[in-house]
Amino acid sequence: MMAQIEALVTGCSQAVQFCLQLMLATGIQCISLKRRPWFFLRLVCVVPLLLLLSEWLDGMESIAYMGWLQMTPFEIWVLMLPVCCFLFDITRKETLFVCLAGMATQHSCIISTELILRLCLPELSTYVTDLLAVLLYTLLCGVAYLVFARKINREIDIRIRANRLLLVAATMIFTMVLRRAAVDNLGNNYSLMLKGAIDLYGVMGCLVSLWVLFSNNTIDEMRVEQMIMEQVMRMEEEKHRFSQATIDTINLKCHDLKHQLERLQTGGNEISRQELQELADSVTVYSKIARTGSDVLDSILTQESLCCERYHIHFTCMADGSQLRHMKSTDLYSLFGNAIDNAIEAVWQEPEEEKRVIFLKVTGSGDYVSIHLENHCPGQVTFRDGIPQTDKADREQHGFGMKSMQYVARKYGGNLVCRQEGEMFYLNILLEAPGEERQP
């Protein structure tokens, strides 16, 4: 029985062992990512194939660079890139991110495992050492998940910069190559202390790579403020495209109203029901001017109301803008501009005009301000971490609006919650009220 266990533990080739280690280290990075349809079937198919390819690479004559650098681990890592794309619905840069994080995790955890076992349990039999190595490696991967990988779920900014990924890749290659060169060139002519120092160098290099990956992509206030400002500027540019059309609409209605009044003044004693309706329609545009108690919110809601008028969308708003006087203008633009624009985009192509309805309500209650928006939404919305995902192909340029709204909500001590019930979409935002409004 013991011989069978030993054969099971030590029978795998180094390439297969490395592949299994890398799959675990990369898998913890992908726990919160969106899975593709038939995920488990895909997983069952791709894992044996990856192991077979690893064994095949190990059986080939090893490709070497400068006579000492073994390329098989890098080849297996390259194979992980299409595997992650096959299993998860992620972009190419996200794939590179999780695979780099997986390689850094694997390297740091396996070196730490070997170092701990060599220092603490040097005289155990081979199969017991290998069993303990499996358990310790798995434990260290769990620690790596808690320290780094779980941040992907709540903090990692999806807009990963390519230059930082290349910097991390270069750092990791340099660390791994230099460590391997030191070990191979020293041979057996080194002490345990020197071996430990070389291993610590490898671990620290990978931990620095992980820190650069995760800390530089964490959403920090300054970066998000800048992105929100850029987004507000883009929103304003888009709004200006509607401005001239809006002015033309108002001028046309005023021109029609002027001619109707001139007709009445010059002897028209009767006016038909249709003409009365046309007069009513001519002055309706002026009811779109919002007066909430906040000049910035008035500007946003007026522009959005006129946009809704153009697309025959019924927009109803009950808003107490005085409850939002503690918010920056950019935050108001980001919050309300994104929310209403998303609602307009959801309903404007609805063929049934009675379903083109948007309702917004802003009220204050005690220590909090409540923002509620609802609109018709016939399509199925995909959620990730409670946030609707964009259905546009270019995710780098779209889909940031809801994230910026969530950021603004958290900035003001609140939260954002979305849900879909049937063909209705509901957005609820809770913010802290201005200081003087809070109850003692």
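These legends describe close-up views of a predicted model. Local features are kept at pLDDT of at least 70 and side-chain atom pairs at pLDDT 80 or more, while totals for chains, interfaces and linings use all residues. Residues are numbered from 1 along each chain as its sequence is written, and side-chain values use heavy atoms, with hydrogens and water left out.

**View 1. Lys 34, Arg 36 and Asp 89 are linked in a network of salt bridges.** A salt bridge is a side-chain nitrogen of Lys or Arg within 4 Å of a carboxyl oxygen of Asp or Glu. By this rule the count comes to 6 salt bridges. Lys 34 pairs with Asp 89, the closest N and O atoms being 3.6 Å apart. This pair links distant parts of the chain, 55 residues apart. Lys 34 sits in the loop between H2 and H3. Asp 89 sits in the loop between helix H4 (72-87) and helix H5 (92-120). Helices (H or I, at least four residues) and strands (E, at least two) are DSSP runs, numbered from the N terminus. Asp 89 also forms a salt bridge with Arg 36, with the closest N and O atoms 3.9 Å apart. That pair again spans distant parts of the chain, 53 residues apart, with Arg 36 in the loop between H2 and H3.

**View 2. The three network residues, seen by accessibility.** Buried means under 20% relative accessible area, exposed over 50%, and partly exposed in between (1.4 Å probe, protein chains only). Asp 89 has a relative accessible area of 16%, so Asp 89 is buried. Lys 34 counts as partly exposed because its relative accessibility is 33%. Arg 36 is partly exposed too, at 27%.

**View 3. Trp 38 has a positive phi.** Its phi is near 60 degrees, a positive value in a residue other than glycine. Trp 38 is found in the loop between helix H2 (14-27) and helix H3 (39-59). With a relative accessible area of 68%, Trp 38 is exposed.

**View 4. His 312 also has a positive phi.** The value is near 55 degrees, and the residue is not glycine. His 312 lies in the loop between H12 and strand S3 (314-319).

**View 5. Asp 331 and Lys 411 meet in a salt bridge.** The N to O distance between their side chains is 3.1 Å. The pair links distant parts of the chain, 80 residues apart. Asp 331 is in helix H13, and Lys 411 is in helix H14 (residues 400-411). Asp 331 is buried, with a relative accessible area of 0%. Lys 411 is partly exposed, at 28%.

**View 6. Met 402 and Asn 338 are 7.1 Å apart in space, C-alpha to C-alpha.** In sequence, 64 residues separate them. Met 402 lies in helix H14. At a relative accessible area of 9%, Met 402 is buried.

**View 7. Helices H12 and H13 pack together.** Two packed helices are described by the angle between their axes and the distance between the axes. H12 (residues 295-310) and H13 (residues 329-347) pack at about 20 degrees, with axes 10 Å apart. That makes H12 roughly parallel to H13. Axes are lines fitted to C-alpha atoms, for helices over the stretch in contact, and angles run from 0 to 180 degrees between N-to-C directions. Angles under 35 degrees count as roughly parallel, over 145 as roughly antiparallel, 65 to 115 as roughly perpendicular and the rest as oblique. The crossing of H12 and H13 is right-handed. A crossing is right-handed if the near helix is turned clockwise from the far one by less than a right angle, and left-handed if anticlockwise.

**View 8. Helices H2 and H6 pack together.** Their axes lie 10 Å apart, at an angle of about 25 degrees. H2 and H6 are therefore roughly parallel to each other. H2 passes H6 in a right-handed crossing.

**View 9. Leu 139, Val 143, Leu 146 and Val 147 make a nonpolar surface patch.** The patch covers about 350 Å². Patches are made of residues with over 30% relative accessible area and no salt bridge: like charges are joined within 9 Å, nonpolar side chains (Val, Leu, Ile, Met, Phe, Trp, Tyr) within 5 Å. Accessible areas come from the Shrake-Rupley method with a 1.4 Å probe; for residues, only the protein chains shown count as cover. Leu 139 is in helix H6 (residues 126-149). Leu 139 counts as exposed, at 55% relative accessibility.
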